[in-house]
Structures are given as C-alpha cells and as structure tokens.
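Student: I'd like to learn how to read a model like this one, feature by feature. Can you walk me through it?

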Amino acid sequence: MSYVAIADRDHEQHLHDPQTFITKYIWSQDHKVIAIQYSLTAIAVGLIALALSLVMRLQLGFPDTFSFITPEEYYQAITMHGMIMVIYLLTALLLGGFGNYLIPLMCGARDMVFPFMNMLSYWVYLLSVLVLCSSFFVTGGPTGAGWTLYPPQVILPGTPGVDGGIVLMLVSLVLFIIAFTMGGLNYVTTVLQARCRGMTLMRMPLSVWGIFVATILGLLAFPALLVTGIMLLLDSVLGTSFFMPALLSMGEISEHEGGSPILFQHLFWFFGHPEVYIVALPAFGVISDLVSVHARKNIFGYRMMVWAILAIGVISFIVWAHHMYVSGMNPYFGFFFATTTLIIAIPTALKVYNWVLTLWRGDIHMTVPMLFVIGFIFTFINGGITGLFLGNVAVDMPLSDTYFVIGHFHMVMGVSPILVIFGAIYHWYPKITGRMLNDTLGRTHFWLTLFGTYAIYLPMHYLGIQGLPRRYYAMGETEFLDASTQAMNAGISIAAFFVAVVQLIFLFNLFWSRTRGKPSGNNPWKATTLEWQTPQTPPVHGNWGPELPVVYRWAYDYSVPGAAQDYIPQTMSPADVPKSDDSYDGGEGEHS
Amino acid sequence: MSFLSKVTAKPWEHAGEMEGLHGELVITRSAGRTGLLMFLAVISSMFLLFIISYYTRSRFPDWEVLADPGILWFNTAMLILASIALQIASNTARRDAGASLRNPMLVGGVLTLVFVAGQWMACEQLVAAGFYARGNPANAFFYLFTGLHALHLLGGLWFMILLGFRLNQPGRKEKARQTVTLCATYWHYLLLVWLVLFTLLLRT
C-alpha cells in the first residue's frame, strides 16, 4: 500500500478543530497551545528550582547564620534543584516547548501528526511535575540523595526523603519518561512525515535538525533512566537487591544483599550523558538560526552543521563513563572513555567555529537575541574547554567532586542553554504573541544576567582548584582552605541573589509586552524560515490558511547577491525574487 | 533516495526545485507505521538495557537460578497463536476491503488474555514455591520481565479494543483497517521480545 505525504492529505488535519474554550486552551490538541502549556509549566517549576538554589547559596555564603536551613533541607534543596533544572525545566522547555512550537511551523505542517497523543504528553508531564512537587509535603520531605540518586545512600535510613520522597521522585521520573515518549514520537514522526512540499531534509532549519536528533537521543536514552528508576523503586519498596549491596546501616545489617551500585551508575550515566546533548542539540540548532538571521548571512557550513549534530548524537552514547572515573574502572576503559570524550569535542568545536565564521563579515544587528547568541558562544566555549580538562582521567581525579565541576557543568549545561532559551524567547515572542518584547528591558536583562552569572560561576573554578569540595553543608575549619574561600563563597551568593532578582525584569517584560509591546507584524526580523511566513500572527489553528506552503529554497538565503532584499523567504520561487531594482514588501501579511 | 545522498545534498545550489512534489516526500509508509517503528525502538532500548542489567547482575555470587514453571511453554504457544491470528486479521484487511475482521481480532485478543493470565499463574506458582522477589535478584528479574512484557501487551490490547470500535464507525473504518497491520506488527514484536526473554530465563 502506498501513502502520500500528509501535506497532500490536508483534509485529515481538521479533525481536532477546537470548538470551545476548554478544547482551545485547556484540553487543546493544537501544537502551539501545547507548546505554551509546556513552556509555562517548565518556567514555573524552574522558578521553584531557582528558589531552591537561593536556599543553597544562603547556607553556603553565610553558614551558621540561617537556622531554618538544616543539613537535611540543604541536601533536599540541592537534589530537587538539580533534578528539576535538568529534566523538568531544560528538557521540557527545549523539546516540549520549542519542539512543539517550532517543528510544525518550520516544517510547514498544520500540526503534529498525533495531536491527541501530543495533548496527553503535556498532561502526563504536568502530572509528573505535580507528583514531584508533592514530595515537599510528605513526611520526611523530598529526597536529599543528590540529583544522581546514587544507591546505596538514596534509600538508606538517615538520607532525607527516604520515607516517601524517593518513591515520589522515581514515580515522577517514570511519568516524565512516558510523557516525553509520547511527545518525542510526535516530533520525530512529524519531521519525517509531515513536511510540506519542497521541504527536503537538507532544507530544514538547523533548529529542527537539533530538536529532531535530540528527540531521537531522548527516545533511546530515557529508557535507561526508566530501567534504573524501576529497579531502584523495587529496591526501595519491595526490598529487592538490584543495586543495593549488603551493608551495615545505623548499626544494623541491611535487608539487601549483593546488589551493584556501579551497575546503577553505568545505567544512570548511559542516560545522563546523552541528556547533556538532549539539552544541547536543540540549543545548538536555535543558535544557528538566530546567528544567521541577526547577522544577515547564511549559516557557515550548513552541511557540516547537520553532520556535526548527527555525529554528536551518535558519539554521545559512548562517553558516559567519564562521569565515573572516581568510581573505579579498568584503566583501558578509562582510556577509551577519555578518548571518546575528546573525539566528541571535534564536531562540537566545529559548530562553534561555524557560528563565529557566520558572524565574520556579517551584517551583524546587535538585537537582543543576537546579544544572547554572543553571550552563549562565549559561555559555551568556557564550559566546553573546562569539559576537556575533566574528560581526562588524570586531571579529573583531583578535580572530581570539587567546585570546578560545579562551575563547568553550570557553564555548559546551565548558563549556556538558558542564554539560548532567553535568546529564543526574545526572537520568537513576536510570532507567539504578535508583539515585540521591550528592547531596553531586554538589553538590561541580558547584560545583568551575563555579568551576574559569570560572577557566580567563574570563581567556582578557582575554588575547585583550591580543593573546595561540593555537596558539603558547611566546611567549618580546614587547613587546606584559607579565609578568602569563604569570602568568595559569600560573594557568589550575593551574585546569585542579584541574578535571581534580575530575572524579574524578564518576567515583567513577558507580561507587560503581551499587551503593551510594539506590534510586531508578521516578520519583524525579516527571516526566511516558514514560521515567519504564516498568513496571521500569531498563527491561527492550522497555521497556514487554506493552502499549505510550498518550499523552493533552503532556510538561509540572506544577503543573496542581486536580490533586492537581504533575505529571500523559503516560500519564494526564483521567478518571484525581486531583483535589486525591484521592490519587495517583506511578505507582510494580515496581523491579528 | 538514500539517507546518505539526502544529507550530502547541497541545498543552497537548487533553489526552485520542489523536490517534495515527486521525489522525497512521496512517502511509502504511513505516519502511524513510522510512529510505531520509533516506539518499538524505544521498547527495544528499554528491554536491551534490562537484559544487560540481568546479565551483569547474574554474574554476582549471590545469584540463584530459579525453577522455570512449565506453564511458560503453554503461554508461549498462546502468544504465538495470538500473533498468527492478528496476522490473519492484517492479511484479511489488506486483501478484502469488505471482509469482517471481527473473528481473527477477537481470537487474537482472547489468546493474549490467556497468555497474560498464564504469566500471572506462573508468577503465583513461583511465589508459592518460595521464590520471593526480595529473596534473590533472579526471582525479581523474572517478575520484572514478565510484568513489563505483559503490561506492554495489555497496552496493545487496549489499543486493539479502541480499534475494534473504530472498525464499526463508518467515517473511521477505512483508516482503522489499515491500522490493523500495525497491531499485528506490534504483537509480532512483543512475541519476539518474549522469546528472547524466555530463552534468557531458561538459560540462566
């Protein structure tokens, strides 16, 4: 049996037209509404994680000052902060939020191919967030075992949250993975099957490539977290011994016997390292599009960028044990994983070079999104280079479990993707709402955030080299740390509070501009990609009006010699391109 | 067009050629099938990681081989028959647009329920014989494998029931008939998974 593209089966796309307020905004199957639901939920839970980080910084910067922060609460704060940021904020926002919004619009589809499942994906995600947050209210509170949930500590008496928090955490993770799988199957299938006519794989914007490959990584890597989660849950609830060894705990012999904590670590990091790229690849893709649009220049090395995304995706599955050098392993394994870690730096560095080369001799517009792009490139280089240090066994050994590691992964996995998310929101907000975000507030937000985050994380590298260990509630008196260490920790805490307060500018801008921002028109950045060519802004249900778009060119025709405008939309046929003496109005359409 | 030739194309050189009209985007596979294949990849990843964990854990000295209940052979035969019944439904849907799919789908569903019930009985037999989950990791893995596999089958069964309703709705009948093939593929796949797990359980 042969099938034709969904683009040619247009009538099938009207099955889920919203009829009421409930189906339009609550139980919505529209990818744009689901994207906004995902994004708002992720940002809300991210703010909780931000507040938890401030609790940590209060304790670390000013130990013995705040009696309401007990050691147990400190560990619960670090655990929940890490897990929420990595899974429930970054993964959900970049794939559930941006993936949902951008894939159908950038591919020229009316919606995701399985809209009902897409809707379910969001509601199960919300359920997972609620289950996670409910652990704050159960006896003993949330788990405090660290975001990696390493056994045996995680389920031993004395660890915060052992009564119920850990169970809720694991159940929440299982729910999240179910939600992600439902969403992920949609993203991949939509990219493969619902692109409009003319949108070949190599005409797709790099944002779609990044989200597409990251989703495949997620679909294959999240099962590792599912497997560890289920087995750990059984160890915790039923008393099985998948991971739990026999041990003496609180003066008593535990009921477990023979389990392997190292097996847990292998499984966890088999998920954990691809997770880095599940977050990074969409960010790479978005940056590639932003840099091209705001430098008015085609992306340098498009094919290399695609190949690099694919290469990073594949290699990311064979580097996981570089997180486990101190856990002990065969030296040849250490050599292998150090080598693969260095190899994955090659396609990653290639992408950085290409962003810089796209800027080179470009017509750079210093817009707010471009500021975030440049901030990202700097930050990612910083975080990436310290990653090369830690990828080497001999260098990692003394630096492991110090603030150097904290500084590294916050630069590469925290600040970098967050800068991308901010840049992307400033870039696509006009399409989502029909209004521009306030420029002055945006610039203020950028500079204060950038300098503030550097004031937090750069000193951490120094503290780490000094030997300051991570995860300690309070250092007390030590011989190897001088008094300046504590002074620096206090400074970091002040910077952290400063950065947190600065985010209020962003939140205010989001809400204020929603009604009072300057109307954006259809294509304020004069971009080529399909999402800017919709007949209405914001796009209505079905995105494209009666006819689906047809694509005639790749996504990066900026500053084409001989063309009247410095961009040619993907939907413009060669015959319609105005020459330098013609005029072209920029494709301004109806604005709703 | 192979994937390699797609990703080595130079998109900036061919403005105006709408390759989607008669080339790449004439898709030979339904969205449902692509989605199913991706889902099977996800399940494969999960069971593969479980199997690796099983193998790793089985090399520890505390591992004790558990008895294999004889009913597992009967269950396996039931799942094979269920798979065959669904293949018959799939063949019928493709060959004859008017033929009823009720009987083969019903038989497939009932045999699947018999399989799941049989797996439950196998677990009960093991528990009655003292093979508790917390007693040894081999026991725990057995319950885990059979439970997760049965859960996937029950999920498929729920989908098949929905499909059965759609087959009776005039507006959705044609698409539902195409989906029967996906149902059969899913059953074949879960049969394969069970055969791998069963072999593993028999050999260790």
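Student: Let's start with a helix pair. In which kind of crossing, left-handed or right-handed, does H4(B) pass H5(B)?

Tutor: H4(B) passes H5(B) in a left-handed crossing. A crossing counts as left-handed if the near helix is turned anticlockwise from the far one by less than a right angle, and as right-handed if clockwise. Helices here are DSSP runs (H or I, at least four residues) and strands are too (E, at least two), numbered from the N terminus.

Student: Before going on, what kind of model and numbering are we reading?

Tutor: This is a predicted model, where local features need pLDDT of at least 70 and side-chain atom pairs count only at pLDDT 80 or more, while totals for chains, interfaces and linings use all residues. Residues are numbered from 1 along each chain as its sequence is written, and chains are lettered from A and ligands numbered from 1 in the order in which they are written.

Student: Back to the pair, then. At what angle do H4 and H5 of chain B pack, and how far apart are their axes?

Tutor: The general idea is that two packed helices are described by the angle between their axes and the distance between the axes. Axes are lines fitted to C-alpha atoms, for helices over the stretch in contact, and angles run from 0 to 180 degrees between N-to-C directions. In this case, H4 (residues 71–95) and H5 (residues 102–128) of chain B pack at about 160 degrees, with axes 8 Å apart. That makes H4(B) roughly antiparallel to H5(B). The labels go like this: under 35 degrees is roughly parallel, over 145 roughly antiparallel, 65 to 115 roughly perpendicular, and the rest oblique. The contact of H4(B) with H5(B) has 19 nonpolar, seven polar and no charged residues. For those classes, Ala, Val, Leu, Ile, Met, Phe, Trp, Tyr, Cys and Pro count as nonpolar, Asp, Glu, Lys and Arg as charged, and the others, Gly among them, as polar.

Student: How do H3(B) and H7(B) run, parallel or antiparallel?

Tutor: The axes of H3(B) and H7(B) (residues 173–203) come within 11 Å and cross at roughly 10 degrees. That makes H3(B) roughly parallel to H7(B). Residues in contact have C-beta atoms, placed from the backbone, within 7 Å. Among those in H3(B) that meet H7(B) are Leu36(B), Phe47(B) and Tyr54(B), and the H7(B) side includes Tyr186(B) and Val193(B). By class, the contact of H3(B) with H7(B) has 10 nonpolar, three polar and one charged.

Student: And which residues make the contact between H7(A) and H8(A)?

Tutor: First the geometry: H7 (residues 261–294) and H8 (residues 302–315) of chain A pack at about 175 degrees, with axes 11 Å apart. That makes H7(A) roughly antiparallel to H8(A). Tyr277(A), Leu281(A), Phe284(A) and Ser288(A) of H7(A) make the contact with Met305(A), Ile309(A), Ile312(A) and Gly313(A) of H8(A). Those residues divide into six nonpolar, two polar and no charged.

Student: How many residues does each chain put into the contact between chains?

Tutor: Chain B gives 38 residues and chain A gives 50. On the chain B side, H3(B) has the largest share, 14 residues. The side of chain B that touches chain A divides into 22 nonpolar, nine polar and seven charged. The predictor gives the complex an ipTM of 0.92 and a pTM of 0.93.

Student: Where does pLDDT stay under 50 in chain A?

Tutor: pLDDT is the predictor's confidence in each residue, from 0 to 100. In chain A, it stays under 50 over residues 1–8 and over residues 585–592. The mean pLDDT of chain A is 93, and that of chain B is 89. Among the elements of chain B, H2(B) has the lowest mean (46) and H5(B) the highest (96).

Definitions and conventions:
Contact = placed C-beta atoms within 7 Å.
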